[in-house]
Amino acid sequence: MAPVLGFFLLLGLCGDTVSEGSPPSTNSFDCLEFEFPPTNYETEDSYEAGPTGILFQMVHIFLHTVQPHAFPEDIIRKILQKKFDFSKDYDKIIYYEIGIITCAALGLLFIILMPLVGFFFSVCRCCNKCGGEMHQRQKKNGTYLRKYFAVSLLVICIFISIGITYGFVASHHMRIHLRKTQKLAESNFNDLRTLLNTTPGQIDYVLDQYTITKAKAFSDLDNVKLLLGGSIYEKLRPRVVPALDNVKAMAEAIRETEEALVMVNSVLMDMKQSSAQLSANLSDVQKDLALSLKDPACQVPSAATTCDHINSSLSYLDVSVDFSQLPPLDKQIANMSDVLQTNLSGLIQEGYTSFNDIPETVESKTTNVISDIKRTLNSIGSEITNISKKIPVQDKLSNFIHYINNTEDYIHRYLPTLEEYDSYRWLGCLVVCCLLTLIVIFFCLGLLCGTLGYDRKATPTRRGCVSNTGGIFLMVGVGFSFLFCWLLMTIVVLTFVVGGNVEKLVCESYQNKKLFQVLDTPYLLNENWKYYLSGMMFDKPDVNLTFEQVYSDCTENKGIYATLRLENIYNISKHLNFQERMGSINSSFENTVIRIENVVLLDEAGRKNLMDFSSSGVDRIDYNNFMNATSKHPTKVNLLSFAADLDIKANHLPQGDLKQSLKRNAQTLRTIHRIRIIPLEKSMSTVYQTMRGLQYKNSGLGVKVANVIFFLNTAQDFLKNHISMITAEESKKFAAMILGYFEHYLQWVRIAITEQVAACKPVATALDSAIDIFLCGYVVDPMNLFWFGLGKATVFLLPAIIFAVKLAKYYRRMDSEDVYDDDLETIPMENMKNGNIGFRRHRTAQTH
C-alpha cells in the first residue's frame with residue numbers, strides 16, 4: 001500500500017501543488033503593511049518514534065555496518081531505463097548487496113544445518129551416544145563445570161529474552177501506529193483541501209490589498225491641499241513668516257507709540273495744572289505761617305528758637321519741578337496720526353492671507369491632474385484583477401483535487417484490508433515470540449528446578465525428582481530449539497532481506513534525497529526529455545525543474561509559482577510591470593505647472609507707512625528731559641515730614657493762637673499731600689515709565705525700520721525666485737509618495753504570488769507522511785527491529801542448546817555411576833587405558 005500511496009502523492013506533486021505560506025519579509029511603506037492571514041494545518045511537521053527510536057537507531061547502525069555502500073545510483077538508473085542486464089551487471093548488485101547476501105547465506109546455512117544437526121543429534125542420543133547414555137563419569141572439576149554451564153545458560157537466556165522483548169516491542173509499535181494510519185491520512189487530506197480552499201481567498205486577499213492601497217492613494221490625492229500645498233507652505237514658511245511677523249510687530253509698535261504719546265501729552269497737561277495749584281497752596285501755607293510767627297508769643301525766649309527754626313524752613317514749602325519747561329508732544333502726535341491713517345495691520349493681514357492661500361492655490365491648480373491620476377489607478381486595478389485570473393494557479397487546482405480524491409478513495413478502500421492483514425501479522429509475530437518464550441521458559445524452569453533440587457551429597461543415580469525434572473526441562477528446551485529454530489531463522493532471513501533493502505534503498509535515500517537525485521537524472525524517465533517534470537507539465541523539457549527542487553521548496557513552504565517555475569508559463573513580473581503607467585502619473589505631476597502668483601507680503605502703501613513712521617520724529621524726542629523732570633519729588637521738602645515737625649514744635653509751645661496756627665497748618669500740609677502730591681506722583685511715575693519705554697522702543701528707529709523692510713524684501717525676492725522650484729520639488733515628492741504606495745504594493749504582489757500564494761508545504765508533508773512516516777516509521781523500522789530481535793534470540797539458541805545438553809547431565813538421574821576402588825593393583829590395564837583408574841562401574845536397580 002505504501003508504494004501506491006507514495007506514487008499517487010508523487011504524481012500529485014508532479015502535477016499540481018498549492019499551499020499557504022508564511023508571509024515574506026517586506027519593508028513597510030508609510031502606513032501600508034500587508035500580511036498574509038495564517039493558515040493552520042493538522043498534520044505535524046515531524047515524526048518522533050519515542051523511546052523505541054533508540055532501538056531503531058541501533059538497528060540502523062547494524063544495517064550500516066552490514067551494508068556500508070552508498071546508494072547504487074547507477075544501478076537504479078539502468079533499471080529505470082530498462083538497460084540493466086543481470087547477466088552482465090550482476091557483479092555490481094553482488095558488490096552492493098554483499099553484506100546482506102553474506103548474512104542471508106549464514107541464515108540459510110543455519111536453516112539447512114540446524115534440522116540436520118537436530119536429526120543426527122536425536123539419532124545419536126537414541127544410540128546412547130552424544131550424551132545419551134545415562135551414565136555420568138565423576139570428575140574433580142564437576143562442581144565448577146555445573147556452575148559454569150548454569151551461569152552461561154542463564155546469561156544466554158537473558159540475551160534471548162532481550163531479543164524476544166525487541167520482537168514484542170516492534171510488533172506492538174507497528175500495531176499501534178498502523179492504527180493511526182487513517183488519522184494520519186485524513187489529517188493530510190484535510191490539509192491538502194485546506195490548501196486548495198484557502199488559495200482563492202489568498203488571491204482575493206492580494207486583490208483586496210490593491211483596494212486598500214488605492215484608497216490610501218485617493219485619500220492623499222483628495223488631501224492634496226494639506227499634503228502638497230502644506231509641504232510647499234512649510235518650505236516657504238521659515239523665510240516668509242518671520243518677515244511678516246516683524247512687520248506685524250512694527251505695526252503694533254506704531255499703534256502703541258501713538259497711544260503712549262497721546263497719553264503722555266494728556267498727563268503732562270494735567271501735571272502742569274496740578275503743579276500750579278500745588279505751588280499756590282504751598283504759597284498760602286507759607287504766608288499763613290509767616291503771619292503766625294509774628295505773634296508776640298515768639299518773643300518769649302523759650303519759644304523764640306522754635307519760631308526762628310520754623311521761619312528759616314518756610315522757603316522749602318515750594319515745588320521742585322517746573323513742568324512748564326517740558327515741551328508738548330503735539331507735533332509727534334500729529335505725525336503718528338498721519339502714519340496711522342494707513343491701516344498697516346490690515347495690509348499685513350492681507351500678506352498673511354496671500355501666503356496662507358498657497359495650499360488652496362495648489363489644490364485648485366491640481367484638480368484636473370488628480371482626476372486623471374485616479375482614472376489611471378482605477379485602470380491599473382482592473383488590469384491587476386485580470387492578471388490574477390490569468391495566473392495558472394487555479395487551473396492546476398482542478399487537476400490536483402482529482403488526484404486527492406482518487407488517492408483518498410484508494411486508501412479508504414484498502415485501509416480495512418491493511419488492518420485485517422496487520423491483525424494476522426500481529427498474531428503470527430505473537431506466536432513466533434511465544435515459541436521463543438516457551439523455549440526460554442523451559443530453559444529457565446530447568447535452571448530453577450535443577451538448581452533448587454540439586455543435592456551435593458546425592459550420587460548421580462540417587463538425584464532427587466526436582467533435580468531430574470530440571471534436567472528434563474532443559475532437554476525439552478533443546479528439543480523445541482531444534483524443532484523450531486530453522487523456522488524462526490527463515491522468518492528472520494526473509495524480513496531481513498526485505499526490511500534491510502527497503503531501509504537502505506528507499507528510506508535512507510529518501511531522507512538524504514539521493515532518490516530524488518536519481519529521478520532528476522536527465523533523459524532518465526523519458527529519453528527525449530532532459531527534465532521530466534518540466535516536460536510533463538509545460539512540454540518544455542529544457543526548463544530546470546527537478547523532483548529534489550520541488551520537494552525542497554515545498555518543505556520550505558514556498559509558493560507553487562516559484563516551486564514549479566510557472567514563470568515559464570506566465571511571467572508575473574512582466575505583466576506586473578506598470579512602469580509606463582507610473583511614468584505617466586509622474587509626468588502628469590511634472591508637467592502640471594502650479595503657478596503661485598500675486599503673493600504680495602506688503603504693498604507699497606505699507607512700505608511707505610513704515611518709512612513715515614521712521615521719519616515721524618518720535619525717536620528725536622528728548623526722553624531724558626522728561627525722565628529727569630518726572631523722576632524728582634514734586635516739592636522741595638516732604639510735606640508729611642514738615643507737618644510732623646510742626647506738630648512736634650507746636651507741642652513745645654504754650655497754649656495760644658501760635659500753637660493753634662501751627663497745628664492748623666500742619667493739618668493743611670497733610671491735606672495738600674493727600675490731594676495734590678499723591679496724584680501728581682502717580683502721574684509723574686506714569687510719564688517716567690512711558691517715556692522710558694518709548695525711548696527703548698524707538699531707539700535707533702530708522703535702523704529697525706530699515707531692517708524690517710530689508711527682511712521683507714528678502715522674503716519677497718525668495719518667493720519670486722524660488723517658489724517655482726520648491727513647488728516642482730514638492731510635486732515630485734508628492735508624486736513619488738503616491739507612486740511609492742503602488743510600487744510597494746506591486747513588489748509585495750510579486751513576492752506574494754511567487755512565495756506565498758498556494759505554498760505547497762502540505763504536499764511535502766503528505767509525501768513525508770506516506771514514505772518517511774508510514775512506510776519507514778510505521779512499517780520498515782518495526783519490521784527491522786523485529787528481525788533484529790528475533791535473529792538475536794535465534795542465534796543465541798545455538799550456545800543455549802550446547803550448555804543445556806551439558807548441564808542436563810548434572811541434573812538428571814543416571815542409570816549407572818562410577819564407584820571408587822581402593823585396590824589400584826587389581827585394576828586391569830584396559831581400565832587404565834580408558835581412564836577409569838580407581839573407579840568401577842556400578843549399575844543400580846533403578847530404571848529411568
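Student: Which residues of α28 are buried?
Tutor: Buried means under 20% relative accessible area, exposed over 50%, and partly exposed in between, with a 1.4 Å probe and protein chains only. In α28, Leu797, Ala800, Ile801, Phe803, Ala804, Val805, Leu807, Ala808, Tyr810 and Tyr811 are buried. An α-helix has 3.6 residues a turn, so residues three or four places apart point the same way. Keep in mind that this is a predicted model, where local features need pLDDT of at least 70, side-chain atom pairs count only at pLDDT 80 or more, and totals for chains, interfaces and linings use all residues. Residues are numbered from 1 along each chain as its sequence is written, and side-chain values use heavy atoms, with hydrogens and water left out.

Student: What span should α28 have?
Tutor: The expected span is 1.5 Å times one less than the number of residues. Helix α28 (residues 797–811) has 15 residues, so it should span 21 Å. Its end C-alpha atoms are 20 Å apart, which agrees.

Student: How many helices and strands does the chain have?
Tutor: Helices (H or I, at least four residues) and strands (E, at least two) are DSSP runs, numbered from the N terminus. The chain has 29 helices and 3 strands. Of its 848 residues, 46% are buried.

Student: How do I read a helix pair, and at what angle do α2 and α27 cross?
Tutor: Two packed helices are described by the angle between their axes and the distance between the axes. Axes are lines fitted to C-alpha atoms, for helices over the stretch in contact, and angles run from 0 to 180 degrees between N-to-C directions. Helix α2 (residues 52–66) and helix α27 (residues 761–795) cross at roughly 70 degrees, and their axes come within 9 Å. That makes α2 roughly perpendicular to α27. Under 35 degrees counts as roughly parallel, over 145 as roughly antiparallel, 65 to 115 as roughly perpendicular, and the rest as oblique.

Student: Which residues make that contact?
Tutor: Contact means heavy atoms within 4.5 Å. From α2 come Thr52, Leu55, Phe56, Met58, Val59, His60, Phe62 and Leu63. From α27 come Asp781, Pro782, Asn784, Leu785, Trp787 and Phe788. They divide into 10 nonpolar, 3 polar and 1 charged. Here Ala, Val, Leu, Ile, Met, Phe, Trp, Tyr, Cys and Pro count as nonpolar, Asp, Glu, Lys and Arg as charged, and the others, Gly among them, as polar.

Student: Is Asn784 buried or exposed?
Tutor: Asn784 has a relative accessible area of 1%, so it is buried. Its side chain joins that of Trp787 in a polar contact of 2.7 Å. A polar contact is a pair of N or O atoms within 3.5 Å; within protein, one must be able to donate a hydrogen and the other to accept it, and residues adjacent in sequence count only if both atoms are side-chain atoms. Leaving aside neighbours within four places in sequence, Asn784 is in contact with Val59, Leu63, Thr495, Gly499, Gly500 and Glu503.

Student: What phi do Lys513 and Ala758 have?
Tutor: Neither is a glycine, yet phi is positive: about 70 degrees at Lys513 and about 60 degrees at Ala758. Lys513 sits in the loop between α15 (465–511) and α16 (514–519). Lys513 is partly exposed, at 24% relative accessible area. Ala758 is in the loop between α26 (701–756) and α27. Ala758 counts as buried, at 0% relative accessibility.
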